[in-house]
Amino acid sequence: MKKVFTERDIQQMLRSGMSLDTIPAGAVLTPSARDAIRAAGKQAPAYASGQGIKSAPSAADRFPPLPPGVPTVPPEPIVPSFEYHWPAGQDPQTPEEIQRFFYSPEIQKLKEAIVHVGHKMWMRNMVDGNGGNITVRVGDNLVLCTPTLRSKGELVADDIALVDLDGNQKAGWRKRTSEANTHLAIMKLQPKAKSVIHGHPPYSTAYAVAGIEPPTCLCSEAEIFTGPIRLVPYQTPGSPENASAVAEIGKDNPAILLANHGVMTWGTDVEDAYWKLENMETACQTVWVASQLNGGKLQRIPSDKMQDIFDIRRSIGMEDPREGMKECELCHDDFRPGTFTAISPAMVDDSADFVPDAEALVKRITDEIMAAKK
């Protein structure tokens with residue numbers, strides 16, 4: 001049986017002054033033993049051949065060389081940022097400068113990001129027809145925005161328009177969306193809002209149509225990434241009144257409901273704003289489904305644990321308007337799940353013209369509905 005040499009054996013030989021040349025040529029060497037021999041500046045003895053016993057290849061033999069440009073040592077892990085940073089006070093001014101800026105590689109990349117998010121919104125049923133719009137701020141006074149009357153599922157980069165913070169179109173062959181002013185109003189009041197998204201996702205829009213703010217302290221992901229979801233009273237879409245009302249509430253709340261209309265979210269970049277849109281829609285759907293279980297009783301995050309959520313939000317640069325609130329004010333709930341009472345076939349005799357218990361049954365159902373409303 002052939003002798004097997006490990007790294008430990010090699011180290012012991014070196015410490016004792018033994019020559020590595022004494023290792024039999026047919027000996028079996030572990031990969032770590034071969035590495036130790038190389039480190040000692042010696043040539044490893046030949047492997048036994050044709051005997052069915054071979055040592056495993058070393059790390060240098062097992063893996064191919066690194067591709068060009070790849071560091072030999074793994075880099076420190078980071079969280080990538082997609083936020084766009086423009087040089088302050090250097091917005092393009094002349095028509096030619098604006099055109100060159102609008103078609104520059106970095107702006108083209110942002111247009112593609114807008115298109116990508118628009119396609120995701122359409123695939124997720126968060127927009128309908130030509131509904132919804134997306135904006136990304138790219139200067140002190142410049143914002144990219146989606147065009148009017150264009151399905152988000154069919155967007156291409158060439159559709160994107162460029163406007164200033166007053167809504168005047170500066171570039172792009174398609175007319176900008178009429179609701180851009182609402183986005184711009186938030187950007188004027190909240191510098192962190194570098195991207196704003198408007199959509200009509202069904203579950204969160206259902207809350208907007210019902211005029212109900214989703215209860216808080218229920219879904220940890222939504223609590224961390226969106227905070228409380230606030231309701232903005234109805235104003236005509238695209239009107240100055242709507243822009244003012246949305247901005248006033250939206251500046252401190254990155255996820256809001258527009259009564260009888262839809263929803264809006266904002267973030268540091270278009271992906272961030274879109275993630276908040278998904279967080280809000282999933283939270284609204286989850287709360288609605290949960291309200292159908294367990295008699296509508298919803299289990300809340302304890303108030304002391306909500307302080308941990310505020311700490312997490314602060315660590316990712318998101319303030320929360322609820323910090324400092326009293327415990328009794330922290331978790332609001334205007335949501336009252338609907339009540340449905342099923343009537344089984346056994347409760348009604350179809351063969352009879354009169355049901356003796358009908359009046360009592362109607363009274364019981366009515367009492368249950370009134371109790372639920374209270």
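User: How much space lies in the largest cavity?

Analyst: This is a predicted model, and in it about 100 Å³ of space lies in the largest cavity. Of the 13 residues lining that cavity, Pro 215, Ala 222, Glu 223, Ile 229 and Ala 283 are the closest to its centre. A search of the whole structure finds one cavity of 30 Å³ or more.

User: Which helices each supply at least two residues of that lining, and how do the residues divide by class?

Analyst: Helix H8 (220-225) and helix H10 (270-290) each supply at least two residues to the lining of the largest cavity, which divides into nine nonpolar residues, three polar and one charged.

User: What volume has the largest pocket, and which element gives the most to its lining?

Analyst: The largest pocket has a volume of about 700 Å³, and among the 27 residues that line it, Thr 268, Asp 272, Lys 276, Ile 316 and Met 318 lie nearest its centre. H10 gives the most to this lining, with four residues, and the classes of the lining come to 10 nonpolar, seven polar and 10 charged.

User: Where does the largest share of the lining of the second largest pocket come from?

Analyst: That share, five residues, comes from H5, while the pocket itself holds about 320 Å³ of space.

Terms used: Residues numbered from 1 in each chain as written. Predicted model: local features only at pLDDT ≥ 70, side-chain atom pairs only at ≥ 80, totals over all residues. Heavy atoms only, no water. 1 Å grid on protein atoms, 1.4 Å probe; cavity = no way out; pocket = protein on both sides within 12 Å on 5 of 7 lines; lining within 4 Å. Points joined across faces, edges and corners; volume = space filled by probe spheres on them. Nonpolar A, V, L, I, M, F, W, Y, C, P; charged D, E, K, R; others polar.
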